[in-house]
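Good morning, and thank you for coming. I would like to take you through one chain, moving from its overall layout to individual residues.

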Amino acid sequence: MAKRVTAGNLGYSLVDGQSVAERIAQTLPATLLLQATSLLLAILIGVALGLVSGLKQYSNLDHALSFFAFFGISVPNFFVAILLMYFLSVKLDWFPLAGMWTPGQSTGLNLDLLHHMVLPVLANVILSLAGYMRYTRASVLDALGADYVTTARSKGLPERWVIIRHVFRNALLPVVTLVGLSLPSLLGGSFILEQLFSWPGMGRLGYTALLARDYPVIMAVTLTSAVIVMFANLASDIAYGFVDPRVRYD
């Protein structure tokens, strides 16, 4: 069994008899595209807002961002997705309701794909950036009270240089850890979001396999997700060496 799996033989679907490896290969790129885009945007926006929130502690902007962060942490992903679908697609008709491309249109990396990506990516980003925002804010506040920041200011360094070189860089350390820890929840959430938006990814494949009790497909989706999370955690550990100069890998 182990030899077959390492050779890429994941068995055959109990529903249609198709090779499980082929179905994973067909659906995995769509999931990676959706989740990688969502993760990148969530990190960039969450870290930026967390930095601003920490530097403007107890201001009206800080209170507004904190309220938004608590909302994002508390609300389940399917509820946010349904709200976005109702207001931005059904009511305003700004974005497509489901699918990856418009039927009859050309497939590939084009504007039609980007148009269909907006709602699922937005749902993912709203839920993910809250954690990055809160962690970044807390790290910024800790860094601002540290001795090395006081020393840097006493040397007469410009405030912008103190923020970028001393505060921001040290505030990234918990965020690097959070990136590795957020991958399982992102992949788990893709089961629901891809089903809601009819996104032809691995999450939707796993959801339909669960309903049909297609065990070879379920095991293949679980194995693939575990491998992705394992490599993401490895990349997160390696990233420490670039963010923290005290960490070295010999």
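This is a predicted model: local features need pLDDT of at least 70, side-chain atom pairs count only at pLDDT 80 or more; totals for chains, interfaces and linings use all residues.

**A partly exposed serine, and the chain around it**

Let me begin with Ser198, which counts as partly exposed at 28% relative accessibility. On this scale, buried means under 20% relative accessible area, exposed means over 50%, and partly exposed lies in between, with a 1.4 Å probe and protein chains only. Ser198 sits in the loop between helix 7 and helix 8. Its phi is positive, about 50 degrees, although Ser198 is not a glycine.

Residues are numbered from 1 along each chain as its sequence is written, and side-chain values use heavy atoms, with hydrogens and water left out.

Now to the overall layout. How many helices and how many strands are in the chain? There are nine helices and zero strands. These elements are DSSP runs numbered from the N terminus: helices are H or I runs of at least four residues, and strands are E runs of at least two. Along its principal axes, the C-alpha trace spans about 70 × 55 × 30 Å.

The chain has 250 residues, of which 42% count as buried.

Contact here means heavy atoms within 4.5 Å. Among contacts between residues at least 6 apart in sequence, 69% join residues at least 24 apart.

Let us turn to the interior. A nonpolar core is a set of buried Ala, Val, Leu, Ile, Met, Phe, Trp, Tyr and Cys residues joined through side-chain atoms within 4.5 Å. The largest such core has 36 residues, and those with the most contacts inside it are Ile24, Leu39, Tyr132, Trp199, Val217 and Val221. At least two residues of this core come from each of helix 2 (20-55), helix 3 (60-74), helix 5 (111-144), helix 7 (159-196), helix 8 (202-212) and helix 9 (215-243). A second, separate core has 12 residues, including Val75, Ala81, Met85 and Ile126.

Which residues does Leu39 touch, not counting those up to four places away in sequence? They are Tyr132, Val179, Ser182, Leu183 and Leu186.

The next point comes from a record. In an unreviewed entry, UniProt places the feature "transmembrane region" at residues 32-52, 64-88, 113-132, 171-197 and 217-243. UniProt positions are given in the numbering used here, feature names are shortened, and annotations may be inferred rather than shown by experiment. In the model, residues 32-52 are 100% helix and 0% strand, and the end C-alpha atoms of that span lie 30 Å apart. Residues 64-88 are 92% helix and 0% strand, with end C-alpha atoms 23 Å apart.

Is Thr136 buried or exposed? Thr136, which lies in helix 5, counts as buried because its relative accessibility is 1%. Leaving aside neighbours within four places in sequence, Thr136 is in contact with Gly46, Val47, Gly50, Leu51, Ala171 and Val175.

Leu144 is also found in helix 5, but Leu144 is partly exposed, with a relative accessible area of 22%. Not counting residues up to four places away in sequence, Leu144 touches Gly54, Leu55, Val149, Arg153, Ile163 and Val167. Leu144 and Gly54 are 90 residues apart in sequence, yet 8.9 Å apart in space, C-alpha to C-alpha.

Phe67, in helix 3, is exposed, with a relative accessible area of 63%. From Phe67 to Ala130 there are 63 residues in sequence and 9.8 Å in space, C-alpha to C-alpha.

Arg160, found in helix 7, counts as exposed at 68% relative accessibility. Arg160 and Arg137 are 23 residues apart along the chain, and their C-alpha atoms are separated by 17 Å.

Finally, Asp93 is found in the loop between helix 4 (77-91) and helix 5. Asp93 has a phi near 55 degrees, a positive value in a residue other than glycine, and Asp93 is exposed, with a relative accessible area of 62%.

Thank you for your attention.
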